[in-house]
Amino acid sequence: MCSPNFPAHSPPILFRNLGNTAVCAVRRGGRAGHAARHCSRGCAFGDFDNDGDLDILVMNQNEPPSLLRNDAPAGNHWLKVRLEGTKSNRSAIGAAY
């Protein structure tokens, strides 16, 4: 647990999935998201900026979350679907494809 008396802030460590059951550490490129030290405890993945790629929202303890945006060139290999129920399940919760 991070507290003002015992800080445990550290830089993020990101890994890339190589697709063959192996991962490698992503090098820090001097960007703000890689250099900032936080006491982080969890993250969520999603397309926060609606550009078709995954971004990472990192939850930091006792401070605002950090949004790590994926600004890699678009590959145009994505599909956006809006599911909406017609009767009682208006949010389409539990919908399967």
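## Close-up views of a predicted model

**View 1. Cys-24 counts as partly exposed, at 29% relative accessibility.** The structure shown here is a predicted model, so please read each view with that in mind. How many disulfides does a search of the whole structure find? The count is 0. As a reminder, a disulfide covalently bonds the sulfur atoms of two cysteines.

**View 2. Stepping back, the protein has 1 helix and 5 strands.** Starting at the N terminus, the order of the elements is β-β-α-β-β-β. The protein has 97 residues, and 14% of them count as buried. Its accessible surface is about 8,200 Å², with 56% belonging to carbon and sulfur atoms. If you are tracing contacts between residues at least 6 apart in sequence, 24% of these join residues at least 24 apart.

**View 3. Here we look into the second largest pocket, which holds about 380 Å³ of space.** Lining this pocket are 22 residues, and the closest to its centre are Pro-12, Ile-13, Leu-14, Ser-40 and Val-58. Which elements each supply at least two residues of the lining? They are helix H1 (32–35), strand E3 (40–46), strand E4 (55–60) and strand E5 (66–68). Strand E3 gives the most, with 5 residues of the lining. Sorted by class, the lining of the second largest pocket has 14 nonpolar, 7 polar and 1 charged residues. For orientation, rolling a probe the size of a water molecule over the atoms shows where space is left empty.

**View 4. Leu-18 and Thr-21 are in the loop between E1 and E2.** This loop runs between strand E1 (15–17) and strand E2 (23–25). Is Thr-21 buried or exposed? Thr-21 is exposed, because its relative accessible area of 85% is over the 50% cut-off. The phi of Thr-21 is near 65 degrees, a positive value in a residue other than glycine. Most residues other than glycine have a negative phi. Leu-18 is partly exposed, with a relative accessible area of 46%.

View 5. Where is Asn-50 found? Look for Asn-50 in the loop between E3 and E4. Asn-50 is partly exposed, because its relative accessible area of 43% lies between 20% and 50%.

**View 6. His-9 and His-38 have C-alpha atoms separated by 4.5 Å.** Along the chain, these two histidines are 29 residues apart. His-9 is in the segment before E1. Which residues is His-9 in contact with, once its neighbours within four places in sequence are left aside? They are Arg-37, His-38, Cys-39 and Glu-63. Even with these contacts, His-9 is partly exposed, with a relative accessible area of 37%.

Note on methods:
Residues numbered from 1 in each chain as written. Predicted model: local features only at pLDDT ≥ 70, side-chain atom pairs only at ≥ 80, totals over all residues. Heavy atoms only, no water. 1 Å grid on protein atoms, 1.4 Å probe; cavity = no way out; pocket = protein on both sides within 12 Å on 5 of 7 lines; lining within 4 Å. Points joined across faces, edges and corners; volume = space filled by probe spheres on them. Helix = DSSP H or I, 4+ residues; strand = E, 2+ residues; numbered from the N terminus. Nonpolar A, V, L, I, M, F, W, Y, C, P; charged D, E, K, R; others polar. Buried < 20%, exposed > 50% of the residue type's maximum accessible area, 1.4 Å probe, protein only. Contact = heavy atoms within 4.5 Å. Areas by Shrake-Rupley, 256 points an atom, 1.4 Å probe, with all protein chains shown as cover. Disulfide = S-S within 2.5 Å.
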